[in-house]
Every structure is written in structure tokens, then in C-alpha cells.
Amino acid sequence: MRIIRQIMPILMLTAALPAGAEEITSGNFRYEIVQFVGNDEDEAVVVGLAEGYEPSGELFIPTTVSHEGKEVKVTGLGWSNHAGNEGDAPVVAGFDAVTSVRIPKYMKFIGRVEFKDCHSIEKYEVEAGSEYYTTISGSLVELNNSSSDGTRRYLIRYPSAASAATFVVPSAIDGIGWGAFAANRYLKKIYLIGEQRLRECWQYNNRSIETVDCTNSSEYRVNDDGALLYGSIFTGLCPGRVYDKYTIPETCSYIESGAFCSSQIGEVVVPGKFSSQAAGMNMFLESDVRKVTWQGSAPWHFWEGAFMGCRKLESMTFGATSDGELDINTCAFKDCESLTTVTLAENTKDIDIAECAFEGCRSLTAFPLTSKMKIKQLVYREFAGCESMTSFAFGSVKTFGFTRGYMFAGTGLKTVHWPTGQAVIPRGCFADCRQLTKAYLKDTTTDIYANAFARSGIVGLNMMGVDWFSASAFNDCPDLMRLYFPDNGSTVQYHAIDFMTDDPQVVVNNPTINFLDEQEDFPDVASLYVSMVDGGIAVGDGWRKVYVPGRASELYCQLTASPVEEMYTYETDAEGTAVRVAPQVTGVKVTSVEINGETATYAGGWFKVTGPALGGAMKVTVNYTVFGNAMNSSYTGIYSGIETVTGDDASESEEWYTLDGLRVDRRHSTPGIYISRKGKAVIND
């Protein structure tokens with residue numbers, strides 16, 4: 001597949017790469033093969049390491065990679081500087097054995113979180129001929145040629161192994177980029193000169209820098225409390241300084257994006273004058289903040305990554321506009337693993353929650369919605385990994401996107417009541433929900449997408465209105481033992497289920513099912529309860545046993561080679577006013593019997609009605625449950641008057657058949673009308 005995308009400068013984030021991009025593995029790396037808008041050539045972006053590869057020494061990124069008989073230029077490393085991919089893990093991170101990095105000449109962008117926690121990098125090198133990167137004294141420098149003032153140079157990686165305590169930013173450098181001092185443990189003080197600027201999250205992944213000397217800077221000044229100020233704009237704190245509590249100065253007019261990125265700070269107090277300002281993009285990214293106190297109104301808009309990776313954050317209060325709107329953007333609270341409670345403003349009505357907003361918030365117990373609050377849509381991993389969240393108001397969600405899904409994957413949900421009006425259970429929606437044992441669908445839910453319940457703790461499911469489910473919907477469910485298919489008026493597209501439990505069962509009650517015989521591909525995996533007394537489809541020969549209604553064993557023996565057993569016995573009385581129905585299988589319970597449209601009364605072991613059968617015939621419906629799932633089987637043309645069928649004077653060559661033409665053993669038959677054949681003679685008994 002060719003994916004056409006637009007690449008833009010790092011601060012103008014582009015759309016996320018679609019999941020359908022072509023991925024290949026070559027040498028030490030995994031690549032995605034893409035095309036960018038305005039360029040009809042394939043390009044390769046490094047998106048992962050080959051299985052088993054652990055970089056050490058020089059990390060050599062190839063200039064090109066072979067694909068479909070041609071050499072494709074390697075132009076990117078990771079997607080984390082592109083919109084929608086803010087929460088991406090770095091391709092290269094945590095490898096302390098890496099001592100140098102070689103950047104190929106065609107590389108146009110490097111993900112902003114790359115080389116995180118790689119503490120031993122002594123130098124960066126750039127292949128000759130690059131138009132995008134260069135080096136200065138072993139530091140990696142990005143070249144921006146789009147400026148009207150000529151080429152601008154941004155320091156984006158200072159060697160993490162450099163042991164100097166101070167660093168004077170070279171005069172050739174125009175700005176300090178995202179994570180410029182990532183993983184360095186020694187640097188205590190940096191010097192800015194002239195017009196050099198600090199870009200958003202320059203302090204990312206650094207905990208050593210205590211001072212930024214702005215004596216010779218024309219752009220910045222430093223407050224007595226160590227805050228960096230750009231005019232009246234609060235730019236941020238040095239990541240090496242420790243604050244138990246910090247109050248943003250009242251003299252400031254605005255809080256810069258990324259201001260508290262990687263900061264070592266316990267509590268931040270935001271004065272009331274900032275009530276109108278949103279929680280900015282990456283404002284607290286991977287900081288130690290435990291609490292934020294809003295002295296005015298809490299913000300109603302939380303930008304991308306506002307608190308992402310704040311692993312000590314314990315609680316959060318959300319505001320709302322006068323119209324009740326609340327916006328929580330992509331990855332706003334991703335991986336806030338200590339976040340236990342969130343508080344919503346009372347006037348909240350419409351909530352926007354973007355992709356991965358609360359992913360990995362493992363301590364979050366609930367998202368406390370009231371009946372008047374609605375979430376506009378959930379698309380992708382919004383609450384994935386919230387393992388302490390045991391319940392959720394699914395009816396509060398107006399729309400579920402179903403192609404990307406995984407909204408609640410890995411949560412602590414125990415029971416799911418899927419709302420009316422939601423026709424699809426999205427891809428991976430409840431995957432890895434180990435505590436999820438029960439799910440209740442409505443008859444409006446028609447489709448279950450790939451991996452929807454994969455690896456969950458689901459035990460059984462009533463498929464109500466489902467007419468299609470993915471073959472992977474129930475993959476690797478260790479406790480799944482029962483699926484129930486009632487007659488919902490549609491033709492059900494059946495897929496074989498690879499059950500893992502010892503005694504799994506599929507319960508079928510009169511729907512039309514295609515591909516049921518596919519279960520032959522998985523022999524001996526399930527018992528099948530069937531109440532389709534009309535038959536009509538072959539039953540897979542791989543079933544352990546087929547359970548059928550009373551008097552239906554002869555029919556189903558013609559449809560399957562598997563053993564057949566009746567769920568209950570069924571016999572009529574001589575007067576045509578009563579039937580005896582007795583369960584024979586564990587889990588089967590008779591709830592009622594109707595005879596000629598009248599509900600029968602149970603007495604003395606018989607279900608009876610008051611009047612005689614019209615014309616000597618009874619129309620009987622047996623209502624029963626199989627492990628709580630409602631089923632019914634109907635019998636028509638059941639004639640009374642024959643108390644027994646004996647075979648005392650029958651010869652061994654005499655053959656008995658039902659009116660449907662199915663042969664039976666007369667010695668074990670139940671009362672009814674049969675065809676007896678002896679030689680060429682046919683006798684109705």
C-alpha cells in the first residue's frame with residue numbers, strides 16, 4: 001500500500017500515519033514504506049528494531065533500504081513529532097551501550113523522543129551530503145532552510161556522555177530544540193547568547209541542568225525563583241532544580257507550552273488570572289508534579305500531551321465553558337499511572353476526548369459522568385490500560401469509531417452493558433480485559449470486530465442481534481465456554497471459535513447460520529446445543545457432542561457424524577391434552593409449555609390443558625433455558641391415542657420411519673405416527 005502524506009517542519013505537526021502503511025524488516029531495523037505529498041518516490045521511515053537486535057557501539061542507520069528491487073531512501077526515524085503520534089514510544093531508547101550515532105544523508109526528520117535514556121552517546125555524525133542535519137563539536141544540529149533569514153540551526157542533541165558541567169551554546173546555533181540535552185547527567189549550567197531561543201520542551205529527558213545563564217541573552221531573563229521568562233511569558237523551570245511547591249508569578253501574562261516539562265516539582269499553583277488559559281501542549285510532560293491547584297476556574301481545554309507521562313499526578317479537576325464544553329486532547333494524560341480521581345465541573349455537557357487521552361492511567365478508578373454529560377466520540381485507546389476502572393457509562397458515548405478501536409483494552413471492567421443504538425463493538429474494544437466476565441448486548445448490536453474480546457475473561461455471551469463477528473473476536477479467551485445464538489431474524493455468518501476451556505458450548509436457537517460446518521477445522525473443541533428442529537444445515541463433524549430437543553435425535557443424526565443427545569425427553573398422553581417434558585442435560589431447565597396456544601399447567605409430572613386437542617392433534621411449544629439462555633422448540637402434528645409402540649411380533653427385517661422419512665429403532669421409539677416397512681409392504685401405525 002502506498003500512503004501519501006505531507007511532511008512539514010517539526011513545529012507544524014502533520015497527521016498520523018495510517019495503520020495500513022506497508023512495513024518491512026531489513027537488517028537491524030523495521031521500516032514503513034511511504035510516499036509524502038508532492039513526492040512520488042517511495043521513502044522509508046525507521047519505526048522499530050529487528051527482533052533480537054540491541055544496539056551497541058556505533059548506531060549505524062542505513063542510507064537506503066532495498067524494497068521491491070530498488071533502493072529506497074531512509075528519510076525518517078520515528079513518528080513522534082507528527083500529530084496523532086505524540087504518545088509513540090521511541091525507536092531507540094534506553095540503550096546505554098550505544099556510544100555514537102550516524103545519521104544518513106537523506107534523513108529529513110528525527111522523532112522528538114528518540115535517544116531517550118541513552119546515557120553513553122559521545123558523539124553524533126552526519127553522512128556527507130545531508131541538507132537536513134550537521135554536527136558541531138559532536139552535537140547534532142538540525143538545519144531549517146525555510147526561513148527568510150537563511151538557514152537556521154537548532155541544537156537537537158548534545159552528547160549525553162559529555163561530562164562537562166557547563167556548556168556555552170555556540171554562536172552558530174539559533175535555538176535549542178526538543179530534548180536537546182536528553183539523557184545527559186553531568187551538565188549543570190548552560191549559557192545563552194544573543195538571540196538564541198529555547199524551543200518547546202528543550203529540557204525533555206534531562207534532570208541535571210540547574211541554571212540557564214541569560215546574562216548575555218537578548219531574549220530571556222531569570223527570576224529569583226529560577227524561572228525563565230521571555231518578556232512577561234513564563235517559559236519554564238530548569239529540570240535540575242527541585243521544588244516542593246511552585247506558584248506561577250502574577251507578573252506573568254502567559255504560560256508557555258512545555259513550561260514544566262521534565263521538572264522536579266511537587267505542586268504547582270496556578271493563579272486565578274490564568275483561568276482563561278488552557279493547559280498548554282506538553283505543559284507538564286513527564287514531570288514529577290503530584291498536584292495542580294487552580295486558584296481560579298480549572299481549564300476546559302487540555303492540549304496534546306499536557307500531562308503525558310506525569311507518573312506521580314494523583315488527581316485532576318476539569319472545568320467547562322459556559323455552554324458546558326470540555327476538550328481533552330490526544331495523550332493529554334497518557335501514562336499518568338498514579339492518577340486516581342478526576343473531577344468534572346457540574347455544568348459539563350459535551351466532552352471531547354481524543355485518542356489515547358487516558359491510556360495507561362492504571363490507577364484511575366472511574367470517569368464520573370452524570371446523566372446529562374455526553375462524550376462526543378471514542379476512536380482509539382482513550383481509556384486503554386486503565387486497569388483500576390471497573391465500570392463505565394457506555395450509554396454516555398454518542399459515537400464509537402470501530403476501525404481503530406481498543407478504547408477500553410486492558411481495563412479492569414468486570415461487566416459491560418453495551419448500549420442500544422451502537423451497532424458495532426469496535427476492534428479490540430475489550431481486548432485484554434482480564435476481569436471482564438460478563439457482557440450484555442442489545443438486539444441492535446449486529447457486528448463484533450476483530451479482537452473485540454480477545455484475551456479477555458469473558459465466560460459467555462448472548463449474541464442477540466449479531467449477524468457477523470470477526471474470526472478473531474474471541475481469540476485466546478481462557479475462560480470462554482459458551483456463546484448463544486438466538487433467532488434474530490438475520491442470517492448469522494458463523495466463524496469457528498478456537499475455545500480454550502475444557503467443556504465449551506455453542507448454543508443455537510433457530511437462527512439461519514452460514515458456515516457452521518467450519519467448526520470442522522477445529523475438531524473436538526465444543527459441545528453444540530441446537531434447537532433447530534427443522535434442521536436444514538450440516539452441523540460440523542468436529543463437535544464433541546450435539547445436544548438437540550426431545551424427539552430430534554433421528555433428524556440430527558443425519559446432519560452430523562458427532563454423537564447426538566437429546567436435552568430433554570418428550571412424550572404425549574393418550575388423550576391429547578398433556579405432554580411430559582423432563583430435562584436430561586445439566587443446565588437445561590423447562591420454563592413453560594404451550595399446547596394449542598394455551599399455557600399448560602404442570603401437575604403430576606405432566607403439562608396439561610383443559611380442552612381436547614382439535615382434530616386429535618396437538619401443537620406444542622416447549623420453552624426452556626440452557627444455562628439461562630432462552631430457547632424454544634415447537635412440535636406440530638403430534639397425534640395422541642397411541643400409548644406405546646411394541647415390537648413383540650415384529651420380524652427383524654421390519655423397518656420403521658418417521659413421517660419425514662428418517663429411519664428409527666422401533667424398540668426405543670416414543671409414541672407417535674410411524675411408517676412401518678416389511679418387505680414391499682408399507683403400513684401406517
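Biologist: What should I know about the model before reading its features?

Modeller: The model is predicted, so that local features need pLDDT of at least 70 and side-chain atom pairs count only at pLDDT 80 or more, while totals for chains, interfaces and linings use all residues. Residues are numbered from 1 along each chain as its sequence is written, and side-chain values use heavy atoms, with hydrogens and water left out.

Biologist: How many disulfides does the structure hold?

Modeller: A disulfide is a covalent bond between the sulfur atoms of two cysteines, and here the criterion is a pair of cysteine sulfur atoms within 2.5 Å. The structure holds 0 disulfides. For Cys-261, the closest cysteine sulfur belongs to Cys-201 and lies 3.7 Å away, which is too far for a bond.

Biologist: Is Cys-261 buried or exposed?

Modeller: Buried means under 20% relative accessible area, exposed means over 50%, and partly exposed is in between, computed with a 1.4 Å probe on protein chains only. Cys-261 is buried at a relative accessible area of 0%, and Cys-118 is buried at 1%.

Biologist: What is the strand order of the open sheet of 5 strands?

Modeller: Strands (E, at least two residues) and helices (H or I, at least four) are DSSP runs numbered from the N terminus, and two strands pair if DSSP finds at least two bridges between them. The open sheet has the order 11-12-13-15-17, with mixed pairing. Strand 11 (133-136) and strand 17 (197-198) stand at the edges with a single partner strand each, so one side of each has no neighbour in the sheet. Further in the description, strand 13 (residues 152-157) and strand 15 (residues 175-176) run parallel and are joined by 2 bridges, and Tyr-154 has Gly-175 in strand 15 as its bridge partner.

Biologist: How many salt bridges does a search of the whole structure find?

Modeller: Side chains of opposite charge can pair when their charged atoms come close; the cut-off used is a side-chain nitrogen of Lys or Arg within 4 Å of a carboxyl oxygen of Asp or Glu. The search finds 23 salt bridges. One of them joins the side chains of Arg-207 and Asp-288, at 3.2 Å from N to O. This pair links distant parts of the chain, 81 residues apart, with Arg-207 in the loop between strand 17 and strand 18 (211-217) and Asp-288 in the loop between strand 24 (264-270) and strand 25 (291-294). Arg-207 is partly exposed at 37%, whereas Asp-288 is buried at 18%.

Biologist: Which residue forms a salt bridge with Arg-381?

Modeller: The partner of Arg-381 is Glu-359, and the closest N and O atoms are 2.9 Å apart. Arg-381 lies in the loop between strand 31 (374-380) and strand 32 (397-405), and Glu-359 in the loop between strand 30 (350-353) and strand 31, so the pair ties together parts that are 22 residues apart in sequence. Arg-381 is partly exposed at 21%, while Glu-359 counts as buried at 13%.

Biologist: Where is Ser-263, and which residues is Ser-263 in contact with?

Modeller: Ser-263 sits in the loop between strand 23 (254-255) and strand 24, and counts as buried at 2% relative accessibility. Its side chain reaches the backbone oxygen of Phe-260 at 2.7 Å. With contact taken as heavy atoms within 4.5 Å, and leaving aside neighbours within four places in sequence, Ser-263 is in contact with Arg-207, Ser-287 and Asp-288.

How values were computed:
A polar contact is a pair of N or O atoms within 3.5 Å; within protein, one must be able to donate a hydrogen and the other to accept it, and residues adjacent in sequence count only if both atoms are side-chain atoms.
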